[in-house]
Amino acid sequence: MLLAYLGWGAAAFLLPAYSALRRKYARLEAQLTSSELRRLRAQLDPHFLFNALNAISELGYTDPEA
């Protein structure tokens, strides 16, 4: 009987701690995804700027009036 009470007591203590740990893990996973997206965006921005400026400069050779 004592063992059953100890089991219930342990479950009552561990379940909220497990739930809090899962919430923290989900929050960290969301932050990781967000930081990965920011890193990819930072890599993409200079390429976009270079391509845009390159296209503009190429127009100067092919169609100077444009």
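The mean positions of the chain's 7 positive and 6 negative charges lie 30 Å apart, with Lys and Arg counted as positive, Asp and Glu as negative, and His and the chain ends not counted. Each charge is placed at NZ of Lys, CZ of Arg, CG of Asp or CD of Glu. Please keep in mind that this is a predicted model, where local features need pLDDT of at least 70, side-chain atom pairs count only at pLDDT 80 or more, and totals for chains, interfaces and linings use all residues. Residues are numbered from 1 along each chain as its sequence is written, and side-chain values use heavy atoms, leaving out hydrogens and water.

**Overall form**

- The secondary structure comes to one helix and zero strands (DSSP runs numbered from the N terminus: H or I of at least four residues for helices, E of at least two for strands).
- The C-alpha trace spans about 95 × 15 × 10 Å along its principal axes.
- The chain has a radius of gyration of 28 Å, whereas a compact globule of 66 residues would be near 11 Å; the radius is taken over C-alpha atoms, and the globule rule is 2.2 Å times the number of residues to the power 0.38.

**Surface**

- Of the 66 residues, 0% are buried (buried is under 20% relative accessible area, exposed over 50%, partly exposed in between, with a 1.4 Å probe and protein chains only).

**Residues along helix α1**

- Leucine 3 sits in helix α1, which covers residues 2-62, and leucine 3 is exposed because its relative accessible area is 70%.
- Phenylalanine 13 also belongs to helix α1 and counts as exposed, at 62% relative accessibility.
- From phenylalanine 13 to phenylalanine 50 is 37 residues in sequence and 57 Å in space, C-alpha to C-alpha.
- Tyrosine 18 is in helix α1 and, at 48% relative accessibility, is partly exposed.
- The C-alpha atoms of tyrosine 18 and alanine 55 are 55 Å apart, with 37 residues of separation along the chain.
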